[in-house]
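Subject: Handing over the structure

Hi,

Here is the structure I promised to pass on.

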Amino acid sequence: MRPITASAALLSCVFLVATSLPLSADTLPDRRSVNVSGRGEVTATPDRARISMQVETTKLDLRAAQDQVSRIVRDYLAQVKALGIADADISTAGLSIQPQYDYSAKGGRKFLGYQLTRGIEIVVRDLDKIGDVLLKATTAGINNVSDPQLESSKAEALTREALAKAAEDARAKAKVLADALGVKLGAVHTLNANAEFVPAPMAQKSRVLMMSAADAAPESGNEALGFSAGQIRYNASVNADFDLVAP
């Protein structure tokens, strides 16, 4: 039996190492795939609204500013509670106090007073009352009212439905392309998804702030403001990469 020389052992070791290395990218078979995008949309009737508003005043005396704002907030909350708005749907936590100065005055800055801002957020679950909630805000003295943000209590389920539709749309497009190329559609390789909420358009916010109690006397708040909830949309999009398999 011939002894194994050092050079033969070294060659054997090199051969083993070489055979254990993976194939380079140049020697691997090309992966065939198709990349498509898909879209899905679900519409729904909103069943609640979120309204943000503020009471703002500026006075030289801070206590006088606090008293005025607190009175307006108390009066307004009493009115909306009479409409059936629950305590759990009312938040008055926001409060800001900022000293105001006139820097253009001769001889240095001039103190103008304290600007006090109190924020209120209300969730309205009966949209038949949304106009009344808005009008009572203006008559109570609240001077900054944002557009109602219409929402659905089924937002999560509607978003998932839109995503499912987008995925189905992407697969259908990929299947059409695979059939046209004479190959089979394989499994999805990568998938990126995105969903967004599209609110219903709101009209004439400025009218809410300009209405007086006399303007809306015989009508409901919704009729006085011409309020219509409309439809809200949940959109989704996906980008999918599918394998293509030779038949």
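**Overall picture**

Before anything else, keep in mind that this is a predicted model. The protein has six helices and nine strands. Of its 247 residues, 31% are buried. If you take the contacts with a separation of 6 or more, 83% of them are between residues 24 or more positions apart.

**Helix α2**

I'd start with α2, which runs over residues 62–82 and has 21 residues. From first C-alpha to last it reaches 31 Å, close to the 30 Å expected at 1.5 Å a residue.

Which residues of α2 are buried? They are Ala65, Val69, Ile72, Val73, Tyr76, Leu77 and Val80. These cover an arc of only 130 degrees around the axis, so they sit on the same side of α2. As a reminder, an α-helix has 3.6 residues a turn, so residues three or four places apart point the same way. The face turned away from that buried side carries the exposed residues Arg63, Arg74 and Ala82.

What do the buried residues of α2 pack against? Their partners are β2 (48–59), β3 (90–91), β5 (110–124) and α3 (130–140).

The ends of the helix are worth a look too. Asp61 caps the N-terminal end of α2, with a side-chain oxygen 3.3 Å from the backbone nitrogen of Arg63. After α2 comes Gly84, whose phi is positive, near 100 degrees.

**The core**

Tyr76 from α2 turns up again here. The largest nonpolar core has 52 residues, and Tyr76 and Ile142 are those with the most contacts inside it. The elements giving two or more residues to this core are β1, β2, α2, β5, α3, α4 (155–181), α6 (221–225) and β9.

To see the surroundings of Ile142, leave out residues up to four places away in sequence: Ile142 then touches Met53, Gln54, Val55, Ile72, Tyr76, Ile120 and Ala137. Two of these names, Ile72 and Tyr76, are also on the list of buried residues of α2.

**Salt bridges**

How many salt bridges does a search of the whole structure find? It finds 12. I'll pick out a few of them.

One is between the side chains of Arg233 and Glu41, at 3.2 Å from N to O. Arg233 lies in β9 (residues 232–245) and Glu41 in β1 (residues 33–44), so this pair ties together parts that are 192 residues apart in sequence. Arg233 is partly exposed at 33% relative accessibility, and Glu41 is partly exposed too, at 37%.

Another joins Glu151 and Arg48, whose closest N and O atoms are 3.0 Å apart. Since Glu151 is in β7 (residues 149–151) and Arg48 in β2, the pair connects parts 103 residues apart in sequence.

Through salt bridges that share partners, Arg48, Arg50, Glu121 and Glu151 are joined into one network.

**Strand β9**

Finally, two residues in β9 to click on. Asp241 lies in this strand and counts as buried, at 10% relative accessibility. Its side chain makes a polar contact of 2.8 Å with the side chain of Arg31. Beyond its sequence neighbours, Asp241 touches residues including Ser33, Val34, Ala187 and His189.

Among the residues Ala240 touches are Val36, Ala170 and Leu191.

Key:
Residues are numbered from 1 along each chain as its sequence is written. This is a predicted model: local features need pLDDT of at least 70, side-chain atom pairs count only at pLDDT 80 or more; totals for chains, interfaces and linings use all residues. Side-chain values use heavy atoms; hydrogens and water are left out. Helices (H or I, at least four residues) and strands (E, at least two) are DSSP runs, numbered from the N terminus. The expected span of a helix is 1.5 Å times one less than its number of residues. Buried means under 20% relative accessible area, exposed over 50%, partly exposed in between (1.4 Å probe, protein chains only). The arc is that of the directions from the helix axis to the C-beta atoms. Contact means heavy atoms within 4.5 Å. A polar contact is a pair of N or O atoms within 3.5 Å; within protein, one must be able to donate a hydrogen and the other to accept it, and residues adjacent in sequence count only if both atoms are side-chain atoms. A salt bridge is a side-chain nitrogen of Lys or Arg within 4 Å of a carboxyl oxygen of Asp or Glu. A nonpolar core is a set of buried Ala, Val, Leu, Ile, Met, Phe, Trp, Tyr and Cys residues joined through side-chain atoms within 4.5 Å.
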